[in-house]
Amino acid sequence: MIIAPGHTLRLAGLLLAGWLMASPGVAAEHEPPFSVDFARTQLVDGVYQLNAGIRYELSPALFDALHNGVTLVFEVQVDIHRLRAWWLDAHVATVTQRYRLEYHALSRLYLVTHLNTGVQQSFFRFSSVLAFLGELDAVPLLDASLLDSDSEYEGRLRARLAVDALPLPLRVRAFLSPDWSPASDWYTWSLR
């Protein structure tokens with residue numbers, strides 16, 4: 001078979017895409033691997049604080065990547081909007097919490113670093129890591145003085161794996177396969 005010079009690159013791209021999609025660990029159609037179970041806010045000393053529960057599950061491909069030296073960054077994004085009846089909701093604030101997860105094969109420890117604060121914690125069991133990441137307790141969101149007392153506000157929260165933190169060769173997979181870019185649906189609740 002003779003392939004014209006201009007078609008060689010196109011054929012190589014199609015073969016690469018087919019190989020990436022046929023890789024083991026491609027997610028079947030089921031509920032999202034990350035999901036927000038609940039989110040609520042409470043006013044403490046003039047600051048709205050977030051309490052939330054998130055369920056994380058890693059695909060076999062991400063689990064293997066973690067245990068082979070790939071650092072994973074989990075991101076929790078919270079958007080606050082002021083509700084308006086006759087126009088689009090007004091964006092008030094976005095708060096993002098980022099957590100870096102590393103596995104150290106020599107010590108067999110998982111190290112979680114909260115990238116916003118620099119605080120590190122280590123864990124022996126992977127299930128403990130997921131439980132820790134899934135519990136957000138009293139996370140400061142915004143000062144109550146920034147909100148109008150006569151307006152209604154809504155919070156939206158989602159959890160995702162930060163694709164931009166993956167090594168460059170794995171980002172291609174992340175754009176082609178949901179196994180490499182898991183994200184929850186947006187969870188919405190009334191701020192107050």
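**View 1. Glu 75, Arg 98 and Arg 160 are joined in a network of salt bridges.** A salt bridge here is a side-chain nitrogen of Lys or Arg within 4 Å of a carboxyl oxygen of Asp or Glu. The model is predicted, so local features need pLDDT of at least 70 and side-chain atom pairs count only at pLDDT 80 or more, while totals for chains, interfaces and linings use all residues. Residues are numbered from 1 along each chain as its sequence is written, and side-chain values use heavy atoms, with hydrogens and water left out.

**View 2. Arg 98 forms a salt bridge with Glu 75.** The closest N and O atoms are 2.5 Å apart. This pair links distant parts of the chain, with Arg 98 in strand S4 and Glu 75 in strand S3 (residues 72-82), 23 residues apart. Strands are DSSP runs of E, at least two residues, and helices are runs of H or I, at least four, numbered from the N terminus. Glu 75 is buried, at 7% relative accessibility, and Arg 98 is partly exposed, at 22% relative accessible area. Buried means under 20%, exposed over 50%, and partly exposed in between (1.4 Å probe, protein chains only).

**View 3. Arg 160 forms a salt bridge with Glu 75.** The N to O distance is 2.7 Å. Arg 160 lies in strand S8 (residues 153-161) and Glu 75 in strand S3, so the pair ties together parts that are 85 residues apart in sequence. Arg 160 is partly exposed, with a relative accessible area of 22%.

**View 4. Arg 100 forms a salt bridge with Glu 102.** Their closest N and O atoms are 3.5 Å apart. Arg 100 is partly exposed, at 26% relative accessible area.
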